[in-house]
Structure formats: structure tokens, C-alpha cells
Amino acid sequence: MVTILDVARAAGVSKSTVSRVLDERLPRSNSPAAQRVREVAAELGYVRDPLASGMRRAGTNTVGVIVPRLTDTVMAMLYENIAAAAAGRGMFAVVATTEDDPATEEFAVQSLIRRRVDGLILTTARMGTHSAQGVPHALALRTDGIGPAAIGDDRLGAQLAVRHLVDLGHRRIGLVGGPAYASSARGRLDGYRDALVTAGIPVDDSLVAGDSFSMQSGEIAGRVLLDRVDRPTAVFAVNDNTAIGVMAAAHALGLRIPEDLSVVGYNDIPVVSSLPVPLTTVRVPFGQIATTVLDLLREAGDDRPPRTVVLAPTIIPRSSTAPPSS
């Protein structure tokens, strides 16, 4: 009897790919790999066993989503968008958290694979580190530079934020950054520098502080930047949490926003529009990223070459930014 493994070996693809291609309950794929699988199955005389297939697929139509933490509003928003988009396709999304720790992430990946998820969506990618090898997967918000990814244009978003401040008349603009291993933080740092150079403003690395996405990190970095004689008149923070931390630091130092300091965040989480001083921020298209990453996950299951889809953010001006007072 010809088995699914025989077809996989002859077609040069994985068993899971053969299973998905030959499962008539799933949308038909016409990728080269899928066409090859069908040709090989016909040549070998493979006959699908509906009962065995049903047993193998028990508990599937499920996608695993791996995030650093759900206390991070950005990750919670993205997961909710992925869950809604998956439900619209007759799928269920289950989430696991890692605290951005590689060892915990590996445990989460293996645990979800053992639970027979059809694929994984990871928001925890680290540059140059390829995660979840051997299972269909796609990356969201971050990229490792290797696997398929749906991300916001972080470099462009930072350019929009800094250009907004420059247009208001600011020349001394600080940056509260994030962890260097995250492509999102690196892209926003690059965009910050790009915008300064374009505006003819010298890049001053002493105005760059911070290495985390947390509110506490933003407050600490804010104090570093603001508790100096030549403090910046404006700060761009690479996410809204760190921007809120900067605003807390400014308040502790007796600085008014935006009269004494303009602040721009990133992501546009719901709370920032309702702060005592509503925060100017860069809005990330979470809904588009969610639907796109599901498309990429399907492509990964069809063994298509990985691609990265970059989606444009928008600047949302609010009350936390104004022209410098002097």
C-alpha cells in the first residue's frame, strides 16, 4: 500500500504538505508544490484513507500564536485581530506567551506542535534567529530576516513621527528606543536617524536612551534624557508604553506637555487617546497585519518561498505635540 510518506518522499516535500494538498476539505492550492504532490500521488496510485485522515486532523484547523506577553496591549490587540481573522476562515487561534525568552519560546513552540496546530504565528522573532523550523509558520510585527513575515513599516513610521516634530520646529529631538534584537525597534531607530539627516539635523547619540518596550524603561530613559541642562524639546518613543513612561518622567521633573516637552509614541493603543494629554502616535495597521500573516501561513504550508509583506503606518497628531516654547 502506498502511504502518505511515500508520496512526500517522491515529491520532495513534507508529510504535512501532502496531507494538506490532498485534503479535499481545504481550499485547493495550485502552487507548483501542490501540483507536484497531486501528480506524484496519481503516479504512485496513492488512495487517501478518509478515516485515518480524520483521525490525523483531529483538533486541527487551529493556529498557534506566540507572543511575549498579553499584558502588552500591542500583543493583545494583534492576537485579537488574528483570532477574529482566523474565525472568519473557520479556524481557531490559541495563544502562548514567552516573556521574550528564547528557551520559553522553544517550549511553547513544541507544546503547540504536540497539540497538532496547523501552523504557528510568532511575534517574538529575533534578528538572525530562525524559529519554529520544520512546521509551517509566519512572523508578525517582527521579522528575523529569514522566514515569511507581515510587519508594519517601522522605518517609515519613525520617519513620520520625527518629521512631524521637525515640522513643528523642533531641532533637539530625543529617542527612547527598544531592544536591539527586535527588528521593530531597530527599524524605528533607523527611521529616527533618517529623518534627522533629511532635515539637516546632526544625529546626537547622547539623545538616544532605553532598551526595552516597557513603561518602566520609558520612565527611566525619560529621566536620563530630561534631567540634563541641554534636554531635548521633543522625544520620540518607539512604542506607546515607553512614551507614557516619558510623560511620567516629565511630570516628575515638573515639565509640562506639550508646553515644555513634545512626546510622540508608536502603535496607537486605545488608552493613549484618553490620557490627560492625548498622545500623538503612529498607528500600526493591526487588522491588515493579521489577515496578511494568515495568508503567509497558508503559503508556508504550501512550501512557497518565504516573503515579507510591509504595511504602511500613519501618524495620528494629538495634544502631546506642539511647537517648542523657545
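This is a predicted model: local features need pLDDT of at least 70, side-chain atom pairs count only at pLDDT 80 or more; totals for chains, interfaces and linings use all residues.
I take a salt bridge to be a side-chain nitrogen of Lys or Arg within 4 Å of a carboxyl oxygen of Asp or Glu. Residues are numbered from 1 along each chain as its sequence is written, and side-chain values use heavy atoms, with hydrogens and water left out.

**Entry 1, salt bridges**

I looked up Arg256 and found that its side chain meets that of Asp260 in a salt bridge at 3.0 Å, N to O. For accessibility I call a residue buried under 20% relative accessible area, exposed over 50% and partly exposed in between, with a 1.4 Å probe and protein chains only. Arg256 counts as partly exposed because its relative accessibility is 48%, whereas Asp260, at 17%, counts as buried.

By the same rule the count comes to 14 salt bridges. One of them joins the side chains of Glu99 and Arg69 at 3.3 Å, N to O. This pair links distant parts of the chain, with Glu99 in the loop between β2 and α6 (102-114) and Arg69 in the loop between β1 and α5 (73-87), 30 residues apart. Helices here are DSSP runs of H or I with at least four residues, and strands are runs of E with at least two, numbered from the N terminus. Glu99 is exposed because its relative accessibility is 51%, and Arg69 is partly exposed at 26%.

I then turned to Arg172 and Asp204, whose side chains meet in a salt bridge at 3.7 Å, N to O. Arg172 lies in the loop between α7 (154-167) and β6, and Asp204 in the loop between α8 (183-198) and β7 (208-209), so the pair ties together parts that are 32 residues apart in sequence. Both count as partly exposed, Arg172 at 24% relative accessibility and Asp204 at 26%. I also noted that Arg172, Asp204, Arg228 and Asp230 are linked in a network of salt bridges.

**Entry 2, the open sheet**

Six strands form an open sheet in the order β2-β1-β3-β4-β5-β11, with parallel pairing; two strands pair if DSSP finds at least two bridges between them. The edge strands, each pairing on one side only, are β2 (92-97) and β11 (308-311). I traced β1 (residues 62-67) and found six bridges to β2 in the parallel sense, with Val94 of β2 as the bridge partner of Gly64. Helix α11 (residues 286-301) packs on the sheet, touching β1, β3 (119-122), β4 (137-140), β5 (149-152) and β11, where contact means heavy atoms within 4.5 Å.

**Entry 3, strand β8**

Strand β8 (residues 234-237) runs parallel to β6 (residues 173-176), joined by four bridges, and Ile173 stands opposite Ala234. Three bridges join β8 to β9 (residues 262-264), again in parallel, and there Ala234 stands opposite Ser262. From β8, Ala234 and Phe236 point one way and Val235 and Ala237 the other, and all are buried. In a regular strand the side chains alternate between the two faces of the sheet.

In helix α1 (residues 4-11) I listed Ile4, Val7, Ala8 and Ala11 as the buried residues. Gly12 follows α1 and has a positive phi, near 75°.

Methods:
Axes are lines fitted to C-alpha atoms, for helices over the stretch in contact, and angles run from 0 to 180 degrees between N-to-C directions.
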